[in-house]
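This report describes the fold of one protein chain and the surroundings of its ligand. Please look over the sequence and structure below before reading on.

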Amino acid sequence: MRRIAILNQKGGVGKTTTTVNLAAALANEGHKTLVLDLDPQAHATLHLGLQPGRSGPSLYDVLAQGLPIAKARHKVAPNLYVCGSHIDLAAAEVELINTVGREMILRDQLEADEESFDYVLMDCSPSLGILSINALCAAREVIIPLQAHFLALQGLSKLLETIQLVSRRVNRDLKVAGVVLCLYESGTRLGNEVIEDLQQYFNGPRKVNAPWADARLFKTRIRRNIRLAESPSFGQSIFQYSPTSRGAEDYASLAAELQWRDPAPIWMADDDVVATTTAAVAATVPAEMPPAKVKAKPTPEVTPEPPAVIASPPVKSGLPAIIPAPHFGLHANSHAIRTDISNN
Ligand SMILES: Nc1ncnc2c1ncn2[C@@H]1O[C@H](COP(=O)(O)OP(=O)(O)OP(=O)(O)O)[C@@H](O)[C@H]1O
Ligand SMILES: [Mg+2]
């Protein structure tokens, strides 16, 4: 059984979309998969077609009342199960405050469960409270969905610190499986710089015993796709709602990578993406950023066709110039974050 927490304390980065659709992709492949909705917002519950509060007991009853997890589980599609959330789950943070071992409740519940699953995916709320800590204690792996902008790197550093703390103190098996770029749009200069920083970090040497020592930047990037945004309101995964969409293609590709298979062909040569989009980016820079803050490196003439011919070096980061460092506390820029990670 692989137990995976989908976690990022930043809101709206694609955690729920990734949990639900990655789970659906794995279920489609024939893997018995369970989604645990640990977010009181209950978005994963709704996305999978259940009504919070009207579909029987929820994870609140499991965590705060000791109900066996099987009693809160529903089958929503072939091979796909969910333990739903409810707004009451927000109260669990407070109710559990005096409970000894409150971080381990979910882990113990999963271990006591007699049903076995190939995958358990946990959708976390945008916080690092007791519910997310329960997910980190119950999980063996963490997938971090990320949107490619500067503040995302700032948050990543904080998140890795938390994961390291949990792994040192309560869950030595915890590892970061990888970072997946969500809501991906090619052709934004800042996005490319952040991706380049991430690629350099994940291609470089890392401290061997850190929980992220073997983490990868998934080659699959989840493109911004309207079908993905529409599907929750129909209570369907992307594979039910629009199986031929780019969203379905990307999540099937991510599921393949999670199992160490090749991603979809479009994501095979990801290192080229920055280069191939550079010309388009260069064309938009003057409109998006103040000219004084953009370090003008030579960029090629923009030739609309064919994109594959455009192969200039990526325009290097202007991050510190664009974003005043002191505003963001410890880490002045993404390079500082790399240092921070490798020193821990
Ligand atoms: N690839 C995508 N293309 C288009 N829309 C997307 C994509 N991924 C997510 N969205 C939409 O963006 C919004 C935020 O996504 P999602 O709910 O998955 O983020 P989250 O990290 O779970 O948010 P929260 O922190 O509030 O739990 C949702 O409306 C979702 O439908
Ligand atoms: Mg969510």
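## Contacts of V142

In this predicted model, V142 is in contact with A5, L7, I163, L174, V176 and A177, leaving aside its neighbours within four places in sequence. V142 is also among the residues with the most contacts inside the largest nonpolar core, along with A5, A23, M122 and A135.

## The nonpolar core

That core has 88 residues. Strand β7 supplies its largest share, eight residues. In soluble globular proteins, nonpolar side chains tend to be buried together.

## Overall make-up

The protein has 344 residues, of which 45% count as buried. Its secondary structure comprises 14 helices and eight strands. Among the contacts with a separation of 6 or more, 75% are between residues 24 or more positions apart.

Strand β5 covers residues 119-123, and five of its five residues are buried, so the strand is largely enclosed by the rest of the structure. Y119, L121 and D123 point one way from β5, while V120 and M122 point the other way. Both sets are buried.

Strand β1 (residues 2-6) runs parallel to β5 and is joined to it by five bridges. Strand β2 (residues 33-37) is likewise parallel to β5, again with five bridges. D123 in β5 stands opposite I6, and D123 also stands opposite D37.

## Helix α7

Helix α7 takes in residues 150-169. How far apart should the ends of its 20 residues be? At 1.5 Å a residue the helix should span 28 Å, and its end C-alpha atoms are 30 Å apart, which agrees.

The buried residues of α7 are A152, L153, Q154, L156, L159, L160, I163, V166 and S167. One of these, I163, is in contact with V142.

## The ligand shell

Ligand 1 is surrounded by 19 residues, and the closest are G11, K15, T16, T17 and P126. By class, the shell has eight nonpolar, eight polar and three charged residues.

Which elements each supply at least two residues of this shell? They are α1 (15-28), β7 (175-184) and α9 (226-230). Helix α1 gives the most, with three residues.

Methods: Residues are numbered from 1 along each chain as its sequence is written. Chains are lettered from A and ligands numbered from 1 in the order in which they are written. This is a predicted model: local features need pLDDT of at least 70, side-chain atom pairs count only at pLDDT 80 or more; totals for chains, interfaces and linings use all residues. A residue is near a molecule or strand if its C-beta atom, placed from the backbone, lies within 6 Å of it. Helices (H or I, at least four residues) and strands (E, at least two) are DSSP runs, numbered from the N terminus. Ala, Val, Leu, Ile, Met, Phe, Trp, Tyr, Cys and Pro count as nonpolar, Asp, Glu, Lys and Arg as charged, and the others, Gly among them, as polar. The expected span of a helix is 1.5 Å times one less than its number of residues. A residue is buried if 20 or more other C-beta atoms lie within 10 Å of its own, exposed if 12 or fewer, and partly exposed in between; C-beta atoms are placed from the backbone. A nonpolar core is a set of buried Ala, Val, Leu, Ile, Met, Phe, Trp, Tyr and Cys residues joined through C-beta atoms within 7 Å. Two residues are in contact if their C-beta atoms, placed from the backbone, lie within 7 Å. Two strands pair if DSSP finds at least two bridges between them.
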